[in-house]
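Dear colleague,

Please find below the structure I am handing over to you. My notes on a sheet and on a cavity follow it.

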Amino acid sequence: MTDTFPRPEWLETARFYEVYPQSFADSNGDGIGDIPGITAHLDYIRDLGCNALWINPCFDSPFKDAGYDVRDYLKVAPRYGTNDDLIALFDAAHRRGMHVLLDLVPGHTSEEHRWFDISGRAERNEYSDRYIWTDTWLSDGGGLPFIGGEAPRDGAYIINFFKCQPALNYGFARVDRPWQQTTDSPAAQATRQAMIDVMRFWIGQGCDGFRVDMANSLVKHDDDGKAETIRAWRQMLGTIKSEYPQTAFVSEWGVPDQSLKAGFDMDFYLDWSWERNGYNRLCRDTPAALDAEHDRSYFSARGGGSVHGFLDQYLPQYERTRDKGYFCLLTCNHDTPRLAPRLSERELAVAYAMILTMPGVPFLYYGDEIGMRYRVLPTKEGGYTRTGTRTPMQWGDGANLGFSSADPADLYLPVDPAPDAPTVRSQSERADSLYHWVRAVLALRDAHRALDAGAAFDVVAAPEDGRLFAYLRTAADGGERLLVAVNPGLSAESCTLPDHATSDGAPTMVLTRGDAVLDGESLTLGAQSVAVIAV
């Protein structure tokens with residue numbers, strides 16, 4: 001096998017929109033978003049400039065972890081609709097030239113899954129080893145979290161996160177207990193095959209691929225390099241990609257050296273605030289979601305510093321993996337506090353200009369295009385601090401801001417009650433809004449091959465003691481070059497243009513926000529400004 005698998009060609013120009021299904025659009029008035037609601041808004045997503053969707057888990061679930069506790073991988077949760085509704089969404093998206101990824105949760109199921117019920121029976125059966133069980137009810141988990149006293153069998157089960165999420169058995173890289181099995185055991189192989197079957201089923205219905213939840217956590221006691229988890233994924237993805245070469249996979253992994261070697265096409269640069277990693281320094285360098293005063297992230301106009309806090313970690317990873325797949329930036333996701341209101345609309349505009357023009361495939365979280373705000377809310381379905389990022393989409397005026405016709409008390413989560421809550425309607429009516437800026441940036445990316453996912457990336461200016469950041473994107477055929485420059489700070493800054501010229505010898509402004517002045521070989525950006533220049 002080669003180090004990497006061929007990537008789907010369509011990813012080069014993909015622009016993803018993440019949809020949290022229970023919060024996007026309610027079509028039947030029960031207060032919960034659903035699949036027909038998503039289908040009804042495909043034109044909105046397409047017209048915004050996104051040509052692909054990632055839909056968070058929509059499978060049958062007791063929703064103790066918002067759907068990341070799957071009860072049946074092959075059935076749409078009734079609150080979202082039916083399998084036929086999802087197939088209709090696939091068809092409607094494909095007619096519009098759009099692709100759809102589903103969310104796959106391979107590491108664990110719900111405790112209510114049929115497999116787990118059978119696995120917990122006292123007598124041996126075909127599912128006895130589908131999950132990780134200790135050998136007696138008195139055994140500990142060998143350093144792993146475990147739950148006992150919940151099943152007839154003489155043993156306790158290992159969990160991944162919540163008590164309701166028993167870990168599926170992909171084997172142990174290092175076996176140090178009699179009840180642990182190797183990664184090549186029949187049970188581990190059976191688990192891999194079961195997940196291959198799940199993927200085959202939905203691809204057969206029209207799904208274009210999967211975002212994979214906690215993809216790096218399958219094999220227990222794996223080494224830091226995740227060698228056995230990589231081997232497991234290469235087997236599973238190798239099988240699927242040999243049958244469906246245009247199927248795409250993006251991993252929740254955050255280490256592209258590993259994930260792309262495992263066979264994934266894309267990996268996310270995750271907001272790991274506990275490590276103060278590159279994404280964190282770029283977008284949210286404060287432990288508190290609403291703490292603008294002490295935020296030191298690059299995009300904070302007053303608190304931020306040089307872009308090197310991001311670049312020093314990003315560049316080595318990009319250089320090592322640029323030919324193996326895509327390391328993808330995202331505006332936010334369902335697990336991450338929204339950037340607003342900590343960042344102002346002007347700060348968001350600068351941030352999105354960079355995030356949406358960098359290498360890799362961009363991911364835009366629903367509502368970020370209108371500046372939806374993180375809110376401090378009581379936990380819902382295991383969301384805890386994440387709950388405030390999962391509120392209903394704000395479409396327009398009137399009841400529930402257009403999300404649902406239900407009584408407000410019946411909504412999945414409350415809509416933003418603020419009088420100035422941003423909506424699609426209000427943002428659409430204002431020419432200088434964040435919504436129109438996001439549309440312009442996405443349209444730019446669509447129109448220029450220099451901004452394709454795999455187009456070359458070179459740093460032009462990143463002063464250690466300044467705020468300006470400029471980089472060159474070059475089309476694969478070398479024919480088109482775009483210089484992207486952002487200045488999130490409050491003072492004007494300048495940089496020298498690269499020594500390339502357009503065919504007519506003059507650099508040309510393609511897109512600007514704020515103040516941008518070209519003077520010979522120099523570009524000056526005013527405070528909180530952006531420029532994209534053909535050079």
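In which sense do β16 and strand β19 pair, and over how many bridges? The two pair in the antiparallel sense over 4 bridges, with β19 spanning residues 522–525. Here strands are DSSP runs (E, at least two residues) and helices likewise (H or I, at least four), numbered from the N terminus; two strands pair if DSSP finds at least two bridges between them.

This is a predicted model, in which local features need pLDDT of at least 70 and side-chain atom pairs pLDDT 80 or more, while totals for chains, interfaces and linings use all residues. Residues are numbered from 1 along each chain, and side-chain values use heavy atoms, without hydrogens and water.

The sheet is open, with 3 strands in the order β16-β19-β18 and antiparallel pairing. Its edge strands, β16 (493–496) and β18 (516–519), each pair on one side only.

Helix α12 (434–447) and strand β20 (529–534) each supply at least two lining residues, and α12 gives the largest share, 3 residues. Among the lining residues are Trp437, Val441, Leu444, Val530 and Val532.

Kind regards

How values were computed: 1 Å grid on protein atoms, 1.4 Å probe; cavity = no way out; pocket = protein on both sides within 12 Å on 5 of 7 lines; lining within 4 Å.
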